[in-house]
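Dear colleague,

I am passing on to you the structure we talked about, together with some notes on what turned up in it. Please have it open beside this message as you read.

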Amino acid sequence: MVRNSTALALALMAIAASAQNPPQAPQIHITTHLVQIGIIVRDGHGPVRDLTKDDFVVLDRGKPQAISVFNVESAKLNSPATEALPQNTFSDLPQYTATTPSSITIVLLDNLNTLYGSAAGNYETTPYWMEDLALANAKGHLVEFIKQLGPQDRVAIYGLRDSLQVLCDFTTNRDQLLSILKKYDATSKTNREMVEPGAVHTPMGPEVDDLMNAEAVRLAGLANQERAQKTMAALMSIAAHVANIPGRKNLVWLTANLPFSGAAMARALSPARIAAYPIDARGLLPRQPFQSKQDGIDFDKVLRDGESMPAQSLQPIGDDTMQKLADETGGEAFVNTNDITGAIRRAVEDSAVTYTLGFYTDSNSLDDKFHELKVEVRRSGLIVRYPKGYFALRDTSATKDERHNIFLAAIRSPLDSSAIPLQVKVVRADLATPHSLSLIGSISIHDVHLVQSGEMRVGAVDITVIEQDETGKVLHESANRLNLRFTEKQYPAVLESGITFRKSIQPQAGVTMLRVLVQDPSTAAIGSLIIPLAQVK
């Protein structure tokens with residue numbers, strides 16, 4: 001939504017608050033003031049294709065904005081093929097081997113936020129909702145959708161357990177996707193009783209019950225906070241990965257129990273132009289058959305007296321969060337439906353036509369606050385979906401701690417970060433030094449912050465090469481800073497070609513993977529690239 005979108009997406013984590021206090025990530029500051037909005041417009045017959053710039057009105061905190069950018073993007077196969085990378089060459093931008101659609105779909109299978117163990121524990125009031133086998137059910141529907149995948153549908157599938165897992169990055173290969181899904185273990189990871197406890201009624205009386213209930217709620221809060229941290233880290237990695245892919249991206253999230261802030265998650269995704277389509281994997285939720293004689297509890301009395309324990313919630317936990325997340329990002333939530341296959345198809349097909357509107361903000365409007373957006377269409381009877389706002393961050397330099405924390409997040413992520421586009425060619429140089437490698441890199445400076453100093457544009461990037469073993473343990477790290485100085489005459493050519501660097505390394509014993517990271521010390525924005533040495537010929 002804003003250029004250098006990953007930078008802004010990560011900054012939102014430090015600003016957006018959650019009821020469960022999600023992890024605080026450092027602010028990264030935008031370096032340009034173009035705000036872009038991906039908009040879906042539908043009528044009763046489907047996508048609306050014939051709108052013009054003059055049909056739209058954009059309001060930033062109630063003030064009309066001049067629309068400087070207007071594009072209409074179609075998901076049809078109308079883009080030229082992208083050339084495959086040469087042998088031993090790696091890029092942090094997702095590469096396409098066929099045609100490049102204007103929108104892509106990320107499917108997230110959420111083992112972490114789907115629960116098992118719906119049965120009541122000892123002395124526990126029966127949980128209100130049945131949640132067992134939710135993800136396994138949704139996985140079956142996903143398989144049915146993938147069987148009908150069209151050549152224009154480019155899909156990546158990730159899993160979320162204790163951390164994000166890359167099952168398959170972007171492809172249109174149905175057989176590959178189906179093979180991966182067939183092997184994927186859809187067992188839910190989180191015990192319901194730990195994160196959504198029910199009221200207990202013991203023979204020891206109400207005072208003991210109240211103490212036990214209070215302790216269960218406290219422990220559930222800690223467990224849910226940990227879930228929130230892991231979930232947000234996964235969303236940040238996804239946003240960083242697709243930051244420099246043009247156009248709208250759809251996140252189809254097969255999930256369930258989300259007892260944390262939908263607004264916080266939305267503000268991590270929207271700047272990367274990701275529209276969230278959370279689908280409640282629980283489907284059409286059946287109410288648990290309540291055993292009214294169990295422990296002598298009258299269920300009608302429980303409802304009447306306002307039993308406040310999570311397992312007795314009158315609405316499935318997570319539905320409100322899903323709705324908020326979808327509304328804030330311009331997507332759609334699908335809850336309480338058994339047509340999960342249809343929901344997945346609707347989410348993927350929603351970007352058949354996407355309008356992109358852009359406007360420029362002036363420096364005076366950058367106030368480090370969230371700006372609410374409103375988009376109006378001068379035609380009645382239309383459904384319009386779009387992100388509901390952005391953070392207008394001032395152009396201030398990132399702190400040392402902010403740079404360090406973003407650097408650590410990039411190292412831990414299983415995905416490349418494309419906030420700064422990076423390409424590296426690996427050459428085996430055994431003749432010079434046994435088992436040595438030469439890295440020849442190219443860095444795009446489009447997302448590197450350069451300032452005017454006299455007649456020069458100046459800035460810097462920090463280049464780090466990390467050697468890791470198969471467990472991810474860091475065995476060696478080398479870093480250097482590359483100072484940048486361009487004349488006004490040089491700048492257009494460098495903007496087009498990028499800048500190059502060379503590094504020679506002799507990997508330690510046991511190294512299976514290299515990570516090359518390029519970070520802008522001014523904004524903390526980072527490009528990271530994972531190079532499995534097994535793929536180096």
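Which residues point one way from strand 13, which point the other way, and are they buried or exposed? Before the answer, please keep in mind that this is a predicted model. From strand 13, Ile274, Ala276, Pro278 and Asp280 point one way, while Ala275, Tyr277 and Ile279 point the other way, and all are buried. In a regular strand, side chains alternate between the two faces of the sheet. Strand 13, which spans residues 274-280, is accordingly described as mostly covered, with seven of its seven residues buried.

The partner of this strand is strand 12 (residues 249-255), which runs parallel to strand 13 and is joined to it by seven bridges. Within this pairing, Val252 stands opposite Tyr277 of strand 13. Between strand 12 and strand 13 the chain passes through helix 6 (residues 262-269), and this β-α-β crossover is right-handed.

Elsewhere, four strands form an open sheet in the order 6-19-20-24, with antiparallel pairing. Its edge strands are strand 6 (89-91) and strand 24 (499-505), each of which pairs on one side only. On average, and with direction ignored, neighbouring strands of this sheet are turned by 20° against each other. Strand 6 is joined by three bridges to strand 19 (residues 422-428), the two running antiparallel, and Thr89 stands opposite Lys425 in strand 19.

Turning to charged side chains, the count comes to 19 salt bridges. One of them is formed by the side chains of Arg42 and Asp350, at 3.1 Å from N to O. This pair links distant parts of the chain, since Arg42 belongs to strand 1 (residues 34-43) and Asp350 to the loop between helix 9 (340-349) and strand 14 (353-360), 308 residues apart. Arg42 counts as buried because its relative accessibility is 15%, under the cut-off of 20%, and Asp350 counts as buried at 0%.

Another salt bridge joins the side chains of Glu332 and Arg385 (3.6 Å, N to O). Glu332 lies in the loop between helix 8 (319-329) and helix 9, and Arg385 in strand 16 (residues 383-385), so this pair ties together parts that are 53 residues apart in sequence. Both Glu332 and Arg385 are buried.

With best regards

Terms used: Residues numbered from 1 in each chain as written. Predicted model: local features only at pLDDT ≥ 70, side-chain atom pairs only at ≥ 80, totals over all residues. Heavy atoms only, no water. Buried < 20%, exposed > 50% of the residue type's maximum accessible area, 1.4 Å probe, protein only. Pairing = 2+ DSSP bridges. Right-handed = clockwise from strand over helix to strand, strands pointing away. Axes fitted to C-alpha atoms, helices over the stretch in contact; angles between N-to-C directions. Salt bridge = Lys/Arg side-chain N within 4 Å of Asp/Glu carboxyl O.
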